[in-house]
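Dear colleague,

Please find below the structure that I am handing over to you. My findings follow directly after it.

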Amino acid sequence: MRTRSAPAAPTRATPQATSTPAGSEPGGGRLAGVATMVGSGLSNQTGAAIGSLAFPVLGPVGVVAVRQYVAALVLIAVGRPRLRSFTRAQWWPVLLLALVFGTMNLSLYSAIERVGLGLAVTLEFLGPLTIALASSRRRVDVGCAVIAAAGVVTLMRPRPSTDYLGMALGLLAAACWASYILLNRTVGRRVPGAQGAAAAAGVSAVMFLPIGIAVAVRHPPTAGAVACAVTAGVLSSAVPYLADLFTLRHVPPRAFGLFMSVNPVLAALVGQVGLGQGLGGPEWAGIGAIVAANALSIVTSRS
């Protein structure tokens, strides 16, 4: 539910600020907002890294199922959707949002399993970046698109060890994220407050319920694997969502979007330090190019 600076949109429903405008916040409030942004970004990527530790037992499908359950609990508690009052015109974008939400997380976690956290998150980030650049007619954004394309070519260059299926899953996550942003805008116009996002999260959790049961039957989960999956849901869904509620009240939207563009770098660092997923110079250059393209687009934007 971002405005024109779509690259700022995270892989979760974004709360809408309703209190004092960020521009009028005192320095202490902005400092707290920046600290919250840092914590939110690290929490999101750390959660994904911890969730990947459960892959050998639950697989990406099982971990995502648990994450969807946690996200639904948090969003329903905050949004309190009145489902009986929803009209047909409200339900269809909510249902599509639920489908995209689940597919986005499943494809992302499947990509993480195959190509690592840093590359998967970077490829997913192309979704909102593409929306922002495609909606612009500025020459600087054409240059940003070229820079981002160069980063993608660097990341996906043919090598003996290239996992093309993992790359494709990352790009599917990107397409889902772009669709998620557009659907969130529609839901936000038709459903008041956070009720639409909460309803979509609930529907997505229901969709994953039989999947989660099937995974549990075929691969009996261990206590450690369940703990990792639940932790991933809390750190990657609950904490960032609640942190955004606070951040968007204290930090200007442009600053928020600029910081969110650093998430691929945070993911690469967490993957390297926490999971031992080291990246070479070309991979860091590709990630840097995509991050730079987004940052340049936001900094030079007049909106």
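Cys228 counts as buried because its relative accessibility is 17%, where buried means under 20% relative accessible area, exposed over 50% and partly exposed in between (1.4 Å probe, protein chains only). Cys144 is likewise buried, with a relative accessible area of 0%. A search of the whole structure for disulfides (pairs of cysteine sulfur atoms within 2.5 Å) finds 0.

Please note that this is a predicted model, in which local features need pLDDT of at least 70 and side-chain atom pairs count only at pLDDT 80 or more, while totals for chains, interfaces and linings use all residues. Residues are numbered from 1 along each chain as its sequence is written, and side-chain values use heavy atoms, with hydrogens and water left out.

Leaving aside residues up to four places away in sequence, Tyr109 is in contact (heavy atoms within 4.5 Å) with residues including Phe55, Pro60, Arg67 and Ala232.

Gln195 lies in helix H7, residues 195–218 (a DSSP run of H or I, at least four residues, numbered from the N terminus). Gln195 counts as buried because its relative accessibility is 11%. Its side chain reaches the backbone nitrogen of Arg82 at 2.9 Å. Gln195 also touches Gly79 and Phe86, among others, not counting residues up to four places away in sequence.

Yours sincerely

How values were computed
Helices (H or I, at least four residues) and strands (E, at least two) are DSSP runs, numbered from the N terminus. A polar contact is a pair of N or O atoms within 3.5 Å; within protein, one must be able to donate a hydrogen and the other to accept it, and residues adjacent in sequence count only if both atoms are side-chain atoms.
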